[in-house]
Amino acid sequence: MALLITDECINCDVCEPECPNEAIYMGLEIYEIDPQKCTECVGHFDEPQCVQVCPVNCIPVNSQWVEDQETLWQKYRRLQALATPLGGGGDGTGAIIETQPVPMPSH
């Protein structure tokens with residue numbers, strides 16, 4: 001399941017930088033979590049980091065967005081693949097391979 005920030009949020013700004021998937025953003029009035037990006041920190045940490053740092057305990061499981069562990073792992077892998085820059089080394093590190101220009105033949 002994805003997580004959800006309730007209206008008890010005090011906009012303290014501590015949760016947003018903790019999210020490794022950048023799923024947390026400032027909504028119209030309070031912070032919100034994009035369920036398409038939230039993996040509950042699966043693939044990164046043992047526990048959801050936003051829940052760990054929230055001083056008012058306002059980040060429960062979003063019962064409207066039900067996902068099992070395997071689905072969360074699949075989402076993590078998809079997000080990691082999207083985060084790999086184009087031109088990356090293909091080894092999953094995102095390393096960019098330097099290439100040398102090829103001289104054009106002269107006629």
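Which residues does I59 touch, not counting residues up to four places away in sequence? The close-ups below start there. This is a predicted model, in which local features need pLDDT of at least 70 and side-chain atom pairs count only at pLDDT 80 or more, while totals for chains, interfaces and linings use all residues. Residues are numbered from 1 along each chain as its sequence is written, and side-chain values use heavy atoms, with hydrogens and water left out.

**View 1. I59 and its partners in the core.** Leaving out residues up to four places away in sequence, I59 touches L3, L4, I5, C15, I33, C50, V51 and C54. Here, contact means heavy atoms within 4.5 Å. I59 also belongs to the largest nonpolar core, which has 16 residues; I5, C15, I24, I33 and I59 touch the most other members. A nonpolar core is a set of buried Ala, Val, Leu, Ile, Met, Phe, Trp, Tyr and Cys residues joined through side-chain atoms within 4.5 Å.

**View 2. Cysteines without a bond.** A search of the whole structure finds zero disulfides. For C15, the nearest cysteine sulfur is that of C9, 6.0 Å away. A disulfide is a pair of cysteine sulfur atoms within 2.5 Å. The sulfur of C54 has its closest cysteine sulfur in C58, at 3.7 Å, so that pair is too far apart for a bond. C15 counts as buried because its relative accessibility is 7%, and C54 is buried too, at 15%. (Buried means under 20% relative accessible area, exposed over 50%, and partly exposed in between, with a 1.4 Å probe and protein chains only.)

**View 3. N62 in a loop.** Look for N62 in the loop between α1 (49-53) and α2. Helices (H or I, at least four residues) and strands (E, at least two) are DSSP runs, numbered from the N terminus. N62 is buried because its relative accessible area is 12%. Apart from neighbours within four places in sequence, N62 is in contact with M1, A2, L3 and L4.

**View 4. E40 in another loop.** E40 sits in the loop between β2 (31-33) and α1. With a relative accessibility of 18%, E40 counts as buried. Beyond residues up to four places away in sequence, E40 touches M1, A2, L3, E47, P48 and L72. From E40 to Q69 is 29 residues in sequence and 9.6 Å in space, C-alpha to C-alpha.

**View 5. R77 on a helix.** R77 lies in helix α2 (residues 69-83). Is R77 buried or partly exposed? R77 counts as partly exposed, because its relative accessibility is 42%. R77 and V42 are 35 residues apart in sequence, and their C-alpha atoms are 9.9 Å apart in space.
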